[in-house]
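Subject: Structure handover

Hello,

Here is the structure I promised to pass on. Please open it first, then read the notes below.

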Amino acid sequence: MLFRSLEQFREPSGRALWNYFVARFARIYPSYFAVLVAVGIVFGVPDFSVVLRHIFVIQTWSGNSDVAYALNGPGWSIGVEFFLYLIFPLLAIWFARKSRNVGWALTLAFIAVVVLAIVTIYFSSGGRRFLSEIDTNSAWRWIYRNPIFRIGDFILGMTVAVLLAARRFVSSSRTLAIGLGILSIAWILVAMGSARTVGSAASMDLLYAVPTTFLIYSLVVPADHFIRRVLESRVVVWLGEISFAVYLVHVPLGSKLEPFIQSNIEINHWSINLLFVVIGTIIGGSILHYTIERPCQRFLRRLLSVDHQ
């Protein structure tokens with residue numbers, strides 16, 4: 001998406017900008033709002049001012065974690081996503097004009113990583129590393145939830161798009177692509193499995209941002225390898241298509257499914273419970289995807305987009 005958008009914003013127009021915002025809104029908001037309404041009906045609603053924050057997708061800016069995670073907990077990240085979509089055209093125009101200057105893009109990416117490292121060190125030092133998720137001065141509030149600190153992630157992704165646009169460091173070598181992919185996946189799995197990193201400031205962004213950037217790069221370079229073939233298989237592509245809907249429903253649906261499964265299935269083992277919750281969540285996400293997400297996306301884009309002709 002970033003690569004195509006860089007080309008689109010190389011010579012930006014009001015029409016292209018409008019259609020970009022329509023496409024992003026149509027893709028995200030209908031499903032988000034539908035789940036918000038469903039959760040409010042099933043679980044009840046908090047204070048009206050909190051509800052308004054969620055309707056306008058600004059809950060993640062609150063220093064109060066109860067506000068940020070109210071109603072549908074995963075919704076906080078949609079606020080981050082909306083913010084990044086809002087600033088993306090400005091970054092895209094800037095990056096598009098510099099898209100042939102690979103050194104400039106790599107320097108900016110390096111600065112982004114350094115800034116993330118400095119912020120991570122700050123929140124890992126002294127008593128700050130012990131602050132809980134509900135503390136307004138914690139890394140949870142600033143690194144994890146605050147949209148400003150996610151700009152660095154976006155810059156890393158856009159740097160990959162610049163490298164592709166300039167066709168620099170793009171190798172057809174299967175060995176290079178596979179090596180980057182395996183190393184990145186191993187890095188992420190080790191980080192996820194380490195008890196020392198759980199809840200740490202590094203785990204909230206930096207620890208995963210860097211290997212994820214390399215992983216994305218390894219997957220989009222023009223080299224045919226087994227990792228790409230697996231990710232391009234029908235099942236994985238389908239799971240990717242419904243992933244946003246699954247993400248939106250996994251917390252509220254899981255909170256209902258888990259006690260139901262535990263009380264109705266004789267084999268009461270955590271792995272069996274988890275399996276049924278995952279299956280139920282995928283089914284619920286699929287229903288949301290096919291009944292709300294896709295139809296609303298097509299309808300809103302037909303209704304609001306400006307014809308390019």
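This is a predicted model.

**Overall**

The protein chain has 13 helices and 0 strands. Read along the sequence, the pattern is α-α-α-α-α-α-α-α-α-α-α-α-α. The chain has 309 residues, and 43% of them count as buried. Take the contacts with a separation of 6 or more: residues 24 or more positions apart account for 74% of them. The chain exposes about 16,900 Å². Carbon and sulfur atoms supply 68% of that area.

**Helix H2**

Helix H2 covers residues 14-43, which makes 30 residues. From first C-alpha to last, H2 reaches 42 Å, close to the 44 Å expected. Where does H2 bend? The bend is at Ala26, by about 30 degrees. A proline, Pro30, follows within four residues. Just after H2 comes Gly44, with a positive phi of about 90 degrees.

**Salt bridges**

How many salt bridges does the structure hold? There are 3.

One joins the side chains of Glu293 and Arg27, at 2.5 Å from N to O. Glu293 lies in helix H13 and Arg27 in helix H2, so this pair ties together parts that are 266 residues apart in sequence. Are Glu293 and Arg27 buried or exposed? Both are buried.

Arg150 takes part in two further pairings. Its side chain meets that of Asp153 at 3.2 Å, N to O. It also meets the side chain of Asp205, at 3.6 Å, N to O. Arg150 lies in the loop between helix H7 (139-145) and helix H8 (151-166), while Asp205 lies in the loop between helix H9 (174-193) and H10, so the pair ties together parts that are 55 residues apart in sequence.

Arg150 is buried, with a relative accessible area of 14%. Asp205 is buried as well, at 4%. Why does Asp153 count as partly exposed? Its relative accessibility is 22%, and buried means under 20% while exposed means over 50%.

**Helix H6**

H6 runs over residues 102-124. Its 23 residues should span 33 Å at 1.5 Å a residue, and its end C-alpha atoms are 33 Å apart, which agrees. Its buried residues include Trp104, Ala105, Leu108, Ala109 and Ala112. In general, an α-helix has 3.6 residues a turn, so residues three or four places apart point the same way. Further along H6, the buried residues include Leu116, Val119, Thr120 and Phe123.

Val114 is also found in H6. It is partly exposed, with a relative accessible area of 32%. The C-alpha atoms of Val114 and Gly152 are separated by 9.7 Å. Those two residues are 38 residues apart along the chain. After H6 comes Gly126, whose phi is positive, near 60 degrees.

**Helix H10**

H10 covers residues 206-220. The 15 residues should span 21 Å, and the end C-alpha atoms are 22 Å apart, which agrees. Among the buried residues of H10 are Leu206, Val210, Pro211, Thr213 and Tyr217.

**Loops with a positive phi**

Val57 is not a glycine, yet its phi is positive, about 55 degrees. Val57 sits in the loop between H3 and helix H4 (65-68). At 5% relative accessibility, Val57 counts as buried. Leu71 also has a positive phi, near 55 degrees, and is a residue other than glycine. Leu71 lies in the loop between H4 and helix H5 (75-97).

**A nonpolar patch**

Which residues make the nonpolar surface patch of about 600 Å²? They are Phe48, Leu52, Phe56, Ile58, Trp61 and Ile148. Leu52 lies in helix H3 (residues 48-55). At 32% relative accessibility, Leu52 counts as partly exposed.

**His289**

His289 is found in helix H13, residues 270-304. It is buried, with a relative accessible area of 5%. Leaving aside its neighbours within four places in sequence, His289 is in contact with Glu241, Ile242, Ala245, Arg294 and Pro295.

Best wishes

Technical notes: Residues are numbered from 1 along each chain as its sequence is written. This is a predicted model: local features need pLDDT of at least 70, side-chain atom pairs count only at pLDDT 80 or more; totals for chains, interfaces and linings use all residues. Side-chain values use heavy atoms; hydrogens and water are left out. Helices (H or I, at least four residues) and strands (E, at least two) are DSSP runs, numbered from the N terminus. Buried means under 20% relative accessible area, exposed over 50%, partly exposed in between (1.4 Å probe, protein chains only). Contact means heavy atoms within 4.5 Å. The expected span of a helix is 1.5 Å times one less than its number of residues. The bend at a residue is the angle between axes fitted to the seven residues ending there and the seven starting there. Patches are made of residues with over 30% relative accessible area and no salt bridge: like charges are joined within 9 Å, nonpolar side chains (Val, Leu, Ile, Met, Phe, Trp, Tyr) within 5 Å. Accessible areas come from the Shrake-Rupley method with a 1.4 Å probe; for residues, only the protein chains shown count as cover. A salt bridge is a side-chain nitrogen of Lys or Arg within 4 Å of a carboxyl oxygen of Asp or Glu.
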